[in-house]
Amino acid sequence: MTEKLSSELEQRFLDMEENYKRIRFELEEAAIASGRSPEEVTLLAATKTVPVEVINHGISLGIRHIGENRVQELCEKYEGYAPVDLQFIGHLQTNKVRQVIGKVSMIQSVDSERLAREISRQAEKAGRTMDILIEVNIGREENKSGVLPEALPELLGQAAAMPRLRVRGLMAIPPADAEKADTIRFFSRMTQYFIDIKQKSIDNVTMDYLSMGMSADFADAIRAGANLVRVGSALFGPRIYR
Ligand SMILES: *Cc1c(COP(=O)(O)O)cnc(C)c1O
């Protein structure tokens with residue numbers, strides 16, 4: 001490694017330490033502000049484009065959960081991660097399900113019966129049960145992943161009936177260009193769905209995780225009710241696409 005590269009990496013590690021402390025602090029404040037203890041809120045590092053050595057530095061700082069977006073990238077990095085809970089958070093094509101079963105503890109982005117069925121099928125082949133979240137297209141955006149809110153009950157029912165799935169909660173990504181007030185309204189609406197579903201006590205559905213909030217808005221998401229936030233660039237710095 002050249003000297004320039006290694007000092008760049010060193011600087012990146014120092015920045016991350018600062019970032020991690022600040023994010024933990026903001027997470028804890030937001031949890032307490034919403035009447036919960038900080039331990040009830042899970043910080044998941046979104047690691048797309050982040051090299052394994054940088055991720056592993058994050059793990060040494062205390063990161064316990066990471067999420068990848070792309071199957072190929074996950075598979076390439078998989079052998080390199082330090083011990084950590086790995087989840088899948090990106091759009092998942094049915095023909096790639098087989099590659100992530102056995103590697104991830106949860107698939108956060110299930111938005112169709114077809115995908116749910118394939119996950120259950122591949123989990124059965126592998127002798128496992130998969131935890132999933134249902135992704136909701138809360139901003140009703142065209143060409144965006146997630147099930148529309150009105151289709152959520154049907155998909156929940158279908159997924160709950162699949163033998164090798166455990167529905168553990170909901171996930172959402174509000175529109176990237178929304179005003180802060182609108183984003184908070186989307187978060188609150190998700191929390192309402194989360195609570196409503198929890199109260200229905202559906203067999204094989206436990207509303208344990210409400211995954212929403214990213215770098216720009218994770219504290220707002222927590223104050224609105226999120227208990228799992230996915231933070232990338234605020235932790236690792238701007239993404240460098242190669
Ligand atoms: C990239 C990504 C994140 C993190 O985004 P940042 O704005 O960098 O924090 C969170 N969730 C998903 C699904 C992502 O793809």
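Start with the charged side chains of the protein chain: 32 are positive and 35 are negative. Colour the two sets separately; their centres lie 4 Å apart. Keep in mind throughout that this is a predicted model.

**Whole chain**

Switch to cartoon. The protein chain holds nine helices and eight strands. Its radius of gyration is 18 Å, close to the 18 Å that the globule rule gives for 242 residues, so the chain is as compact as a globular protein of that length. Show the C-alpha trace next. Along the principal axes it spans about 55 × 40 × 35 Å.

Of the 242 residues, 50% count as buried. Contacts also reach across the sequence: among those between residues at least 6 apart, 58% join residues at least 24 apart.

**Strand 1**

Hide the surface and select residues 42-46, which form strand 1. Is this strand enclosed or open? Five of its five residues are buried, so strand 1 is largely enclosed by the rest of the structure.

Show the side chains. In a regular strand, side chains alternate between the two faces of the sheet. Here Thr42, Leu44 and Ala46 point one way from strand 1. Leu43 and Ala45 point the other way, and these residues too are buried.

Pick alanine 45; its bridge partner in strand 8 is valine 231.

Centre on alanine 46 to find glycine 67 of strand 2 opposite.

**Helix 2 and its end**

Move to residues 52-61, helix 2. Highlight Val54, Ile55, His57, Gly58 and Ile59, which are buried.

Zoom in on leucine 61, also in helix 2. Is leucine 61 buried or partly exposed? Its relative accessibility is 25%, so leucine 61 counts as partly exposed. Which residues does leucine 61 touch beyond its neighbours within four places in sequence? Select Met16, Glu17 and Tyr20: these are in contact with leucine 61.

For a distance check, pick lysine 4 and leucine 61. They are 57 residues apart in sequence and 24 Å apart in space, C-alpha to C-alpha.

Finish on glycine 62, which follows helix 2. The phi of glycine 62 is positive, near 130 degrees.

Methods
Residues numbered from 1 in each chain as written. Predicted model: local features only at pLDDT ≥ 70, side-chain atom pairs only at ≥ 80, totals over all residues. Heavy atoms only, no water. Helix = DSSP H or I, 4+ residues; strand = E, 2+ residues; numbered from the N terminus. Rg over C-alpha atoms; globule rule 2.2 N^0.38 Å. Buried < 20%, exposed > 50% of the residue type's maximum accessible area, 1.4 Å probe, protein only. Contact = heavy atoms within 4.5 Å. Lys, Arg positive; Asp, Glu negative; His and termini not counted. Charge placed at Lys NZ, Arg CZ, Asp CG, Glu CD. Pairing = 2+ DSSP bridges.
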